[in-house]
Amino acid sequence: MSLVTLDPGAAQAVKSLLLEGRARGPIRIELQFTGCCDPSLGLIVDTVRESDLVEEVDGVTFVISPETRELSGEVKISCADDKERNAFLLTSSKPISEWDGLITCSLRM
Amino acid sequence: MEQFKLFIDGEFVDAADGRTFETIDPGTGLPFATVARAGKADAEAAIAAARRAFDKGDWSGLDIAARIAILQDFADHISQQGVRMVMTECMDAGQIVGYARIIVMWASLLLRNLATYAATKFPFEEEIMASGNAFSPGREFVRREPVGVCVGIVPWNFPTALAMWKIAPALIMGNTIVVKPASNTPLTAVILAEAAKAAGIPKGVFNVIPGPGGELGKTLCTHPDVDKIAFTGSTEVGREIMRMASDTVKKVTLELGGKSANIILDDADMDLAVEGACFGTFLHQGQICESGTRILVPSKIYDEFVDRMKKRAEALRIGYQLDPTAHMGPVVSKEQLATVEHYVQLGQEEGAEIITGGKRVEVEGREGGYYYAPTIFTNVNNKMRIAQEEIFGPVACVIKYDSDEEAIAIANDSIYGLAGGVFSTNIARAERVARAVRTGTMWINNYHVFAEYCPFGGYKQSGVGRELGSWGLAEYTQIKRIHVPYFSDRNTNSGFTLLSDNKKIEGFNYNCPTNVVVGHGSLSSIYKLVVDQGCRRALILTDPGVRKAGLADLVKNSLVDFCVGIYDDIPQDPDLESVDGATAVARELRADCIVSVGGGSVIDAAKVVCVTLKSGGRANDYINRWYALSEPQTPHIVVPTTAGTGSEVTSAAVITNKTAGRKLFLADPRITPNAAILDPRFTVTLPKEITVATAMDAMTHAVEASMSIMSNQICDGQALHAIRLISENLPLVVADGRNEKVRLNMQIAATMAGWAFTVAQTGLAHCMAHTVGTLYHVPHGAACGIVLPKVMRFNVDHATAKLAQVAQALGVDTRGMTERDAALAAADAIEALMEKVGHPMRLRDVGVPQEALGACSLHAIADSNVLFNARPVGDPMDVYNLFAQAY
């Protein structure tokens, strides 16, 4: 099973944002707190850590810690409806949050 | 394992698709109950039930007392379920038992208390005593009505209390509600449904649908039958809810995330501050949205504070939540535990130092539980992610600062603004800091204190709206204004005339409450008039001339020991500053009554002093406002020393705003003087020029009131008799100023003209006179007299009959004339009278430059009195031509 799958358009959107931000990646899929609504998955440009799981998808490198991977399973990244906000929807085969599928996140540089 | 169902339309039911889910005890990591898992169909069924129930009116239409009685039963049934609720709350949410006991008890208490508050104190209906609309008087009131179908989305940290924060106000105010509890903690909401059913809350009023937010949220937040959403949770989810709700413009209240600062000042009681910092961060394992997780500590006590806080944190006992000796239980889920660990790692990578904690804890016999040690980071910079992002766990960030201002800046450097704390032995200093922090709640020398009558909610991205207290109840209502006019008549509706060529207003409201005492020696009445107003401390306001003439002292002597002073610094054409100066003296002398002795300037200034003295503030707070006062003002007795203004009985005051370069009005029935004394002894010394000019002011009041679109038969009678009195007595006064009989007739004429125009209003002549008075200091009466005949001719085809009557009152023999000729003869008669008494005839004679006429016309047409002129005034050239004629 792969770490990450990207919907059509998501890869291009990520690449554009990296270009705009003059960042090279990789992009970490991480746990982010969302208070009393359970944690959620987020995206942040980061460095690779020794224990990370790494995968390149459509020319973009993603990393995820084994602990997060254990909780989430495979992560699917798609563009949210609202393209203006550069928002992404992250869902996982093992939902992290009861709000999975509703919360969007942006790519943090 | 116990099984729980959905509660829809008064029945406990399985999910439509039969799905269930397990709920986990975070202290053991093991499931302990199964719950029906609601899906889209169940959400739609619950919304439909709530809609039916609301529209049927079995709940929303109940008298508040009947509704509250059922809710008191509901509270009792919750109390009966108390032990079960506490156990369930502990096992579902991981709350330690000592805390859960208080929280569950509070849930029923807040329902009972808010219900009683609403029934006895909430303003379901409010009168608007002063509407601000001078043209359409009537009863104005506001009703608070229920919003309709509400959705309450509840988080997992306080499943019972935060459900009740939504259920209580929704039901108290007559709404119906669908509650979606958090999937981690779905059980106590279902138990609340059992209590609601037992209490007899009608079917469909209260519904509970446990299930995943991602699946149910869209239905709940977009369904057209939902009117309001109340959500407690994260800023991220709240943002999506607001976005979804916007499509159907639902009302939304959001209580969202926080990263609150707990500010320890350098004079804080160290023991208290350390305890407050630990309590603010580690209570309920830090899983509270307002937790004070950024602890700001001044440099000079930093080391000692950190050392003592570390010792205190390490003394906290972590245990299974049902162990009564435990201070801290588990975090709510394994995902939560993993996220705490992730952020602790991030903090270390960012350079912060862990001085205690930073690891999982195993509790003997509960090895599968999600326990984490209380953790303190030092060397934290406020820009670090651990200082900016909400860590919903037992993790404190201690941040050093050097001044109160720096602490405030750090506290405010956050996207959140939910709460915060200040610890200091100097309450004034602590309050200064608390006021400067931009959050919805600030605790001084305390933390995490809630109360059902106190509002809770956030600034910035911490939320929208407030929960609890009257503010929280109001969030569950719609505001409806109801207007019932004085007149239900199309010909008396001034708004309707905008679509009509007939501008004349038929009906009228004659409200002239001044007690007028008339005659030689009537000043003596003032002793009783003051007592009638319940007063004992009268301040005389006057001007230097009147004071010098001895008239103010005459009044003082009549007041005997009721006079607390004479203020004689009121200038002609008083401005805002002179009113404020008089008010300051009145306040200093603790005056409870104002006696004005003078002409229009003194009386008008006194009217505004009466307002500022009673209602507070400065003159500028009230000027240029119409019908804005909602209660009687400081009592005011007038002794006029001129016969012209009529201000002794009118509801208007004219004050100059030097900055704006205009004369501005305060118009309100509440400033009408309480009493007026017309004693001719006060006018016999008036010089001829002023006698003539003020008389023409009164004449203009009477003639313009008669011509006005607001004229009526009472005012007409007063206006015509005033015209007759002035016409007959003014030449006699000019001939013999000491003649008290004719002086008194002139006073009566001025008062009657005042009564006439205070109801019927004036017109274009006054607009023009105000203009040259403001710009070129032309005495008001003289300016009125000069322009009045021109305006009468301008209006001749719109007030023909009225002007013909004016002609007769002026002594013109109109027999044989057409009505129009008679009307024009009135203007001629005014000019003849003016010439006879030596009144100036042209604007050039009183200092108005010819080149100013254009600017004057633009100034005059903007005066509000044009609204009442008999002939509509819309073209500045018309006004210019009149100024040119008068020039």
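1. First, the ground rules. Residues are numbered from 1 along each chain as its sequence is written, and chains are lettered from A, with ligands numbered from 1, in the order in which they are written. Since the model is predicted, local features need pLDDT of at least 70 and side-chain atom pairs count only at pLDDT 80 or more, while totals for chains, interfaces and linings use all residues.

2. Start with chain A. It has two helices and eight strands (DSSP runs, H or I of at least four residues for helices and E of at least two for strands, numbered from the N terminus). Along the sequence they come as β-α-β-β-β-β-α-β-β-β. The radius of gyration of chain A is 13 Å, close to the 13 Å from the globule rule for 109 residues, so chain A is as compact as a globular protein of that length. (That radius is taken over C-alpha atoms, and the rule is 2.2 Å times the number of residues to the power 0.38.) The C-alpha trace of chain A spans about 35 × 35 × 25 Å along its principal axes.

3. Buried residues make up 43% of the 109 in chain A. Here a residue is buried if 20 or more other C-beta atoms lie within 10 Å of its own, exposed if 12 or fewer, and partly exposed in between, with C-beta atoms placed from the backbone.

4. Chain B has 29 helices and 32 strands. Its radius of gyration is 37 Å, whereas a compact globule of 887 residues would have one near 29 Å. The C-alpha trace of chain B spans about 115 × 65 × 55 Å along its principal axes. Of the 887 residues in chain B, 55% count as buried.

5. Where do the two chains meet? The contact takes 20 residues from chain A and 28 residues from chain B (two residues are in contact if their C-beta atoms, placed from the backbone, lie within 7 Å). On the chain A side, strand E2 (27–32) and helix H2 (66–72) are the elements that give two or more residues. That side has 10 nonpolar, five polar and five charged residues. For those classes, Ala, Val, Leu, Ile, Met, Phe, Trp, Tyr, Cys and Pro are nonpolar, Asp, Glu, Lys and Arg are charged, and the others, Gly among them, are polar.

6. Now the cores. The largest nonpolar core has 186 residues, and those touching the most other members are B:Leu111, B:Ile167, B:Ile229, B:Ile264, B:Leu296 and B:Val398. (A nonpolar core is a set of buried Ala, Val, Leu, Ile, Met, Phe, Trp, Tyr and Cys residues joined through C-beta atoms within 7 Å.) Domain 1 (43–255) and domain 2 (261–449) of chain B each give this core at least three residues. Apart from it lies another core of 136 residues, including B:Ala606, B:Ala719, B:Ala760 and B:Leu882.

7. Have a look at B:Ile264. Leaving out residues up to four places away in sequence, B:Ile264 touches B:Ala273, B:Ala277, B:Ile295, B:Leu296, B:Val297, B:Pro298, B:Phe305 and B:Phe423.

8. Helix H13 (residues 404–412) of chain B has B:Ala407, B:Ile408, B:Ile410 and B:Ala411 buried. Seen down the axis of H13(B), its buried residues fall within an arc of 165°, so they line one face of the helix. (The arc is that of the directions from the helix axis to the C-beta atoms.) They pack against strand E13 (261–264), strand E14 (294–298), strand E17 (395–401), strand E19 (420–423) and helix H14 (427–436) of chain B.

9. Helix H18 (residues 551–559) of chain B has B:Leu551, B:Ala552 and B:Val555 as its buried residues. Seen down the axis of H18(B), these fall within an arc of 105°, so they line one face of the helix. After H18(B) comes B:Val560, with a positive phi near 55°.

10. B:Asn445 lies in the loop between strand E20 (443–444) and strand E21 (459–460) of chain B, and B:His448 is found in the loop between E20 and E21 of chain B.

Technical notes: Domain bounds come from an automatic or database domain assignment.
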